[in-house]
Amino acid sequence: MPINPSELNIIEPMFVYEPTELENSNNTIQRLIDSITQKDGNLRVTNFGYELEGGFDEIPRKYFHSDGSVECNDYEEPDDGELNGYSDGDDWIEPCESITGSGECVSPVFSLDKIDKNIGYNKTFRDFAKKHHAQEINSTCGHHIHVSFSSELAYSRLMDSDFFNEFEKEVLKFVISTPELYNDKTYYSRFIERYDGDNSYCYKRHSPQSQVNGHWHFLDGSDAGRYTHLNYPYGNHGTIECRLFPAPEKSEQLVIVTEWFVNFTNSYLHTLRKERAKKHNVKVIENEEITSIEVQI
Amino acid sequence: MNEIIKTDIIKTKSNKNLLTMQIKRTHSGCKLFVKSDIFEDFFSKNGIYQDKLMTNSDSHEVYKNNSSISNREIYRKLNALDDSLINSDGYINASFLRVKGISQGVTFDLSGLYSKEALTSYINSIKIMTKELYEEFMKPQNQSIKISIEEG
């Protein structure tokens, strides 16, 4: 059921991306640069990238991966020979330079340390997203964002349920308060399906401890694998993967969403440092047999 | 920058420290501090060998496990020397209780990444486990022996 924005208690969106404002306002540019490059306590996002599922007219082979979960009307999954080359008698046929077909575009890794201050964000990322967008998108297609961090401590903090809860709350506010996403009814309905956990590739569950070592089953024995809003493939990629967003029809939407997730994650790490200044809570638990003194932060 | 997740001092009924544990997350990974006279005393009677123990690089001298508890579930957890703190099945590693020197206090560099919830749950499990072990196998027993002499 669609959500009425007026029913939500939107206090203050963390950051609403507006390209015209971004390009014209030095203050906004500086604020964004400060946010994504802040080095407080060295807890920050260092790199990001994304995967976009869909059908592609032409995409360089090095950015293309097969994906059997993508079902397109006008594009078929490329065969192995196209992707990896094949032997034709005595001759070796090299793989195609570019691919036409269904699958996923896997972006390069973009570094947040390489900011173009004249534009305010990573120009390379935006150019890439525009150039290699899919031509066919449907409900089987997802947009997965990967972020990596300055330290294991940053990664660990994002495994906490506090982060997941904050993410679930803020992502809904973000989509509803962003006209480019909310006013696109197809995009919005696909997002809500995923947000509600009604998509089998994107369950609304949080199980970082079982995912972090590459074991894709939950501690309660059920098996949703990596198919959760947030996935923690530390053992495989060293990243946190957001799988919640549907593939967008427009590259501009992909840019907005990707930048929001990077910025949200960075802002969360930044906020944690401030909260740690609070006094410690001390509680004493007495037990008939053994007394236990607990100090918890 | 360190983040202390939990500190626990478990005391016996007679107000003796059974086990002190502190777990924290740092930039260089997770660290577990352990101190216990009682557990070192319990395991030190069994002989010693060198082993690598749930840490990034350090080797520790480890006492052999105590065969008197071999029919208990904790025996396996005390033997999980090569496992991570919490394995993929949620099974916990308690083998640090067998490390030589815990009466003085030992800090372990743990391999792996852990959420706050997983670490809190880990310490709570250790607390229950060590309490049961103490009550059943380590607690000084007060026994009264009645001797009667029958004169014939």
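Modeller: The answers below set values against cut-offs. Keep in mind that this is a predicted model.

Colleague: Start with the rings. How many aromatic pairs are there over all chains?

Modeller: The structure holds 26 of them.

Colleague: What makes Y155(A) and Y234(A) a pair, and of which kind?

Modeller: Two values decide. The centres are 4.8 Å apart, and the cut-off is 6.5 Å. The planes stand at 70°, and over 60 counts as edge-to-face. The pair is therefore edge-to-face.

Colleague: Why do you say that this pair ties parts together?

Modeller: Look at where the two residues lie. Y155(A) is in helix α5 (residues 152-157) of chain A, and Y234(A) is in helix α10 (residues 234-237) of chain A. The pair therefore ties together parts that are 79 residues apart in sequence.

Colleague: Is Y155(A) buried or exposed? And what is Y234(A) called?

Modeller: Buried means under 20% relative accessible area. Y155(A) has 1%, so Y155(A) counts as buried. Y234(A) has 30% and is partly exposed, as that label covers values between 20% and 50%.

Colleague: What kind of aromatic pair do F163(A) and Y268(A) form?

Modeller: Edge-to-face. The rings are 4.9 Å apart, centre to centre, with 65° between the planes. F163(A) belongs to helix α6 (residues 161-176) of chain A and Y268(A) to helix α11 (residues 251-275) of chain A, so this pair ties together parts 105 residues apart in sequence. F163(A) is buried, with a relative accessible area of 0%. Y268(A) has 10%, so Y268(A) counts as buried.

Colleague: Which rings are linked with F163(A) into a cluster?

Modeller: Ring pairs join F163(A) to a cluster that includes F167(A), F191(A), F245(A), W260(A) and Y268(A). Y195(A) is also a member of that cluster.

Colleague: What makes you say that K204(A) lies over the face of Y195(A)?

Modeller: K204(A) is at 3.9 Å from the ring centre, and the limit is 6 Å. There is another case of a charge over a ring. The charged end of K185(A) sits over the ring of Y182(A), 4.3 Å from its centre.

Colleague: How do you know that the span of α6(A) is close to the expected one?

Modeller: α6(A) has 16 residues and reaches 23 Å from its first C-alpha to its last. At 1.5 Å a residue, 22 Å is expected. The buried residues of α6(A) include F163(A), F167(A), F174(A) and I176(A).

Colleague: Which residues touch the most other members of the largest nonpolar core?

Modeller: F149(A), F167(A), F191(A) and F245(A), in a core of 66 residues. α11(A) gives the most to this core, with 10 residues. Take F191(A): beyond four places in sequence, F191(A) touches V171(A), L172(A), V175(A), L244(A), F245(A) and P246(A). A second, separate core has 38 residues, including I86(B), L97(B), V106(B) and Y134(B).

Colleague: On to chain B. Why is strand β1 (residues 3-11) of chain B called largely enclosed?

Modeller: Seven of its nine residues are buried, so β1(B) is largely enclosed by the rest of the structure.

Colleague: What joins β1(B) to strand β2 (residues 17-26) of chain B?

Modeller: Eight bridges, with the strands running antiparallel. Pairing needs at least two. β1(B) and β2(B) form a hairpin with five residues between them. In the turn, N15(B) has a positive phi of about 70°.

Colleague: Where is Y114(B) placed, and what makes Y114(B) buried?

Modeller: Y114(B) is in the loop between β6 (106-110) and α3 (116-138) of chain B. Its relative accessible area is 3%, so Y114(B) is buried. Leaving aside neighbours within four places in sequence, Y114(B) is in contact with residues of chain A, S156(A), M159(A) and Q209(A) among them. Its contacts in chain B include R25(B), C30(B) and L119(B).

Colleague: And how do the chains compare on burial?

Modeller: Of the 297 residues of chain A, 51% count as buried. For the 152 residues in chain B, the value is 49%.

Notes. Residues numbered from 1 in each chain as written. Chains lettered and ligands numbered in written order. Predicted model: local features only at pLDDT ≥ 70, side-chain atom pairs only at ≥ 80, totals over all residues. Heavy atoms only, no water. Phe/Tyr/Trp six-rings, centres within 6.5 Å; stacked < 30°, edge-to-face > 60°. Helix = DSSP H or I, 4+ residues; strand = E, 2+ residues; numbered from the N terminus. Buried < 20%, exposed > 50% of the residue type's maximum accessible area, 1.4 Å probe, protein only. Lys NZ or Arg CZ within 6 Å of the ring centre and 35° of its normal. Core = buried A, V, L, I, M, F, W, Y, C linked by side-chain atoms within 4.5 Å. Contact = heavy atoms within 4.5 Å. Expected span 1.5 Å × (residues − 1).
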